Amino acid sequence: MEYQLKDIDKAAAHIIASAKSDNLLFEAPMGSGKTTLITAICKQLGVTEAISSPTYNIVNEYSGTDKDIYHFDLYRINTIDELHDIGVEEYFDSASLRLIEWPSLIVPIISDYQYVKIRIINSTSRILNISDVVRR
């Protein structure tokens, strides 16, 4: 799906409609709009509180209409041991939606997921691809 940044709500709705896993892994280059897209997803899922990047917190928790939403930014995490140190397993034991930026380290410890890949076309256009569910 190609979208313009001004139409980010349409892209967020497409992701929500396509989600077949509670673990959505966002893969995209720096500056592609991952956090902006995740913010739009959270708003559509009923989050009313302020939504921000969890770059320094690693994870932010939000209350959606139907379930809790965890937004991870694993950019600063370098090893699986660091994930264990923050107790990441506990987040995957709950009935919640997990939106994960920079997910490469977490893939080996989760049982199912979908990739949400964003490719930059130009300063205002993106291409969005959502994978089928991967089960391990």
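Colleague: Is phenylalanine 72 buried or exposed?

Modeller: The model is a predicted one. A residue counts as buried when its relative accessible area is under 20%. The relative accessible area of phenylalanine 72 is 0%, so this residue is buried.

Colleague: How are the rings of phenylalanine 72 and phenylalanine 92 arranged?

Modeller: Five aromatic pairs are found in a search of the whole structure. In the pair of phenylalanine 72 and phenylalanine 92, the ring centres lie 5.9 Å apart and the planes meet at 20°. Planes under 30 degrees apart count as stacked. The arrangement of this pair is therefore stacked.

Colleague: Where in the chain do phenylalanine 72 and phenylalanine 92 lie?

Modeller: Phenylalanine 92, which counts as buried at 18% relative accessibility, is in the loop between helix H4 (88-91) and S5. Phenylalanine 72 is in strand S4 (residues 68-73). The pair thus links distant parts of the chain, 20 residues apart.

Colleague: Which residues form one aromatic cluster with Phe72 and Phe92?

Modeller: The cluster contains Phe72 and Phe92 together with two tyrosines.

Colleague: Which element gives the most to the largest nonpolar core?

Modeller: This core has 22 residues, and Ile15, Phe26, Leu37, Cys42, Leu99 and Leu128 have the most contacts inside it. Two or more residues come from each of helix H1 (8-18), strand S2 (23-27), helix H2 (34-44), strand S5 (96-101) and strand S6 (112-120). With five residues, the element that gives the most is H2.

Colleague: Leaving aside residues up to four places away in sequence, which residues does leucine 37 touch?

Modeller: Leucine 37 is among the residues with the most contacts inside the largest nonpolar core. With those sequence neighbours left out, its partners are Tyr3, Ile8, Ala11, Ala12, Ile15, Phe26, Ile118 and Leu128.

Colleague: How many residues does the other core have?

Modeller: Another core lies apart from the largest one, and Tyr70, Leu83, Val88 and Ile110 are among its members. Its residue count is 16.

Colleague: How many residues in the lining of the largest pocket are nonpolar?

Modeller: The largest pocket holds about 210 Å³ of space. Its lining has 13 residues, and Ile16, Asp22, Leu45, Lys67 and Leu97 lie nearest its centre. Three lining residues are polar and three are charged, while the nonpolar ones number seven.

Colleague: Which element gives the most to the lining of the second largest pocket?

Modeller: This pocket, of about 150 Å³, has Met30, Thr35, Asp73, Glu101 and Trp102 nearest its centre. By class, its lining has seven polar, three nonpolar and three charged residues. Giving three residues, the leading element is H2.

How values were computed:
Residues are numbered from 1 along each chain as its sequence is written. This is a predicted model: local features need pLDDT of at least 70, side-chain atom pairs count only at pLDDT 80 or more; totals for chains, interfaces and linings use all residues. Side-chain values use heavy atoms; hydrogens and water are left out. A nonpolar core is a set of buried Ala, Val, Leu, Ile, Met, Phe, Trp, Tyr and Cys residues joined through side-chain atoms within 4.5 Å. Buried means under 20% relative accessible area, exposed over 50%, partly exposed in between (1.4 Å probe, protein chains only). Helices (H or I, at least four residues) and strands (E, at least two) are DSSP runs, numbered from the N terminus. Contact means heavy atoms within 4.5 Å. On a 1 Å grid over the protein atoms alone, a cavity is a set of points where a 1.4 Å probe fits but cannot get out, and a pocket is an open set with protein on both sides within 12 Å along at least five of seven lines; lining residues have an atom within 4 Å of a point. Grid points are joined across faces, edges and corners, and a volume is the space filled by probe spheres set on the points. Ala, Val, Leu, Ile, Met, Phe, Trp, Tyr, Cys and Pro count as nonpolar, Asp, Glu, Lys and Arg as charged, and the others, Gly among them, as polar. Rings of Phe, Tyr and Trp (its six-membered ring) pair if their centres lie within 6.5 Å; planes under 30 degrees apart count as stacked, over 60 as edge-to-face and the rest as tilted.
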